[in-house]
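Reader: I have a model open and want to learn to read it. Where do we start?

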Amino acid sequence: MGVLINKINTMILIVITLFLTNSINLFADYSFTGGGKSYQIVETKTSWASAASDAASKGCYLVHIDSQTEQTLIWNAITSKINTTYTIVNDGGGIANIWIGANDLTTEGTWVWDGDNTGASTNFWTGQGSAGNDDGQVIGGKYINWGGLQQYSAPKEPDNYGSNQDAAGIALKPWPKNNGSLGKAGEWNDISASNAIYYIIEYDYDSKPAKPSLPQGSNQVVKGALGVVYSTEEVANTKEYKWQVEPNNAAELAQELNQVTVNWSKEYIGTAYLSVQAINDCGESEFSDKFAVEVKDSSASSIFYNDNSQISLFPIPAIDKLNVKFNGLINPNNIKIYDNFGSLVKEIKVEPNQFNISITTTDLEVGAYNFVFEYPNKMISRKVIVIR
Ligand SMILES: [Ca+2]
Ligand SMILES: [Ca+2]
Ligand SMILES: [Ca+2]
């Protein structure tokens with residue numbers, strides 16, 4: 001009996017799972033990839049401008065079809081997923097279209113790829129096909145697939161029919177309906193930009209970036225420390241990195257690449273956590289694991305930073321050596337040299353009466369270093385660049 005109930009439960013679970021899977025696919029916009037890009041057919045009926053605006057809000061654009069390969073990829077996706085009679089475009093010969101990123105909105109007859117409608121665009125065709133003025137020309141050898149090309153080896157479209165056709169769609173059926181003399185399914189037509197039809201978005205990446213690696217850098221700092229650099233390994237297909245520090249009052253972050261420059265707060269003491277996220281037009285990665293940093297109080301030793309009066313350094317940037325002159329009454333005991341990632345690379349003892357010291361830098365790689373001068377009662381940190 002128990003076994004039977006388990007079997008029934010399992011069957012119910014399978015049925016529910018199948019139902020949920022189907023539901024998700026039925027209502028999700030259709031996405032596909034190819035040629036290092038990803039695409040989405042958005043099944044919302046809207047004007048060309050609002051479709052472009054939606055694409056731009058996602059960091060991408062209505063598709064720019066630049067080759068036969070891209071045209072074929074898109075056409076295959078459309079025919080496998082979209083009902084080719086989902087709507088009727090009256091000024092498109094009574095058949096359905098889907099928006100692509102081409103328009104001649106700015107200058108009549110000057111066709112551009114401008115799928116995010118920013119005005120920064122590429123002119124690929126000028127003029128009209130033989131259904132219009134028949135003065136059309138391909139610009140710069142760009143790919144075109146205007147209606148009529150397959151039947152007549154020269155396009156019939158665009159024709160600016162009714163003097164009001166300023167955006168391009170892919171036709172889902174031959175047009176005009178029941179005749180097909182202007183174009184075949186899959187070819188492009190200029191239609192009124194106010195038609196409400198589906199649209200295709202192109203993204204410049206084919207997937208979201210992977211989760212970044214654990215950040216690296218100094219895991220112990222003194223409060224108020226400035227210019228401390230942390231980094232994560234570069235993540236492929238990343239457009240930008242977003243760093244975060246928790247709690248967010250512990251530090252200010254600058255120069256957010258796969259490296260971040262952290263200025264620790266003078267007020268915060270305790271553990272803080274740094275993590276980073278990689279972002280591209282397809283979306284955001286997970287945040288990396290959190291790198292813990294112990295932010296310590298400095299009250300006991302009155303530590304301060306960037307005091308230029310106590311120490312003179314020259315030349316900066318340093319090439320083969322750095323001359324150091326101590327201007328105070330008391331000398332530091334030690335000079336510690338940290339690289340940009342907070343790792344100690346060199347330590348130099350200073351004698352009590354040694355007010356000048358020349359530090360060889362030929363053993364340091366080119367880059368930025370933090371020189372920390374450890375006095376009996378304080379520390380002074382100075383940034384030094386080494387060049388060749
Ligand atoms: Ca493209
Ligand atoms: Ca036009
Ligand atoms: Ca037309």
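This is a predicted model: local features need pLDDT of at least 70, side-chain atom pairs count only at pLDDT 80 or more; totals for chains, interfaces and linings use all residues.

Author: Start with the elements. The chain holds 4 helices and 25 strands.

Reader: How many of the residues are buried?

Author: A residue counts as buried if 20 or more other C-beta atoms lie within 10 Å of its own. Of the 388 residues in the chain, 35% are buried.

Reader: Which residues touch the most other members of the largest nonpolar core?

Author: This core has 45 residues, and L62, I98, W99, I100, Y199, I200 and I201 touch the most other members. Strand β10, residues 197–203, contributes the most, with 6 residues. Take I200: beyond its neighbours within four places in sequence, its contacts include Y39, I41, L62, I74 and W99. Another core, of 20 residues, lies apart; V222 and W243 are among them.

Reader: What is the phi of N117, and of S163?

Author: N117 is not a glycine, yet its phi is positive, about 55°. S163, not a glycine either, has a positive phi of about 55°. N117 lies in the loop between β5 (110–113) and β6 (122–126). S163 lies in the loop between α4 and β8.

Reader: Is S163 buried or exposed?

Author: S163 is exposed, because 7 other C-beta atoms lie within 10 Å. N117 counts as buried, because it has 21 C-beta neighbours inside 10 Å.

How values were computed
Residues are numbered from 1 along each chain as its sequence is written. Chains are lettered from A and ligands numbered from 1 in the order in which they are written. A nonpolar core is a set of buried Ala, Val, Leu, Ile, Met, Phe, Trp, Tyr and Cys residues joined through C-beta atoms within 7 Å. A residue is buried if 20 or more other C-beta atoms lie within 10 Å of its own, exposed if 12 or fewer, and partly exposed in between; C-beta atoms are placed from the backbone. Helices (H or I, at least four residues) and strands (E, at least two) are DSSP runs, numbered from the N terminus. Two residues are in contact if their C-beta atoms, placed from the backbone, lie within 7 Å.
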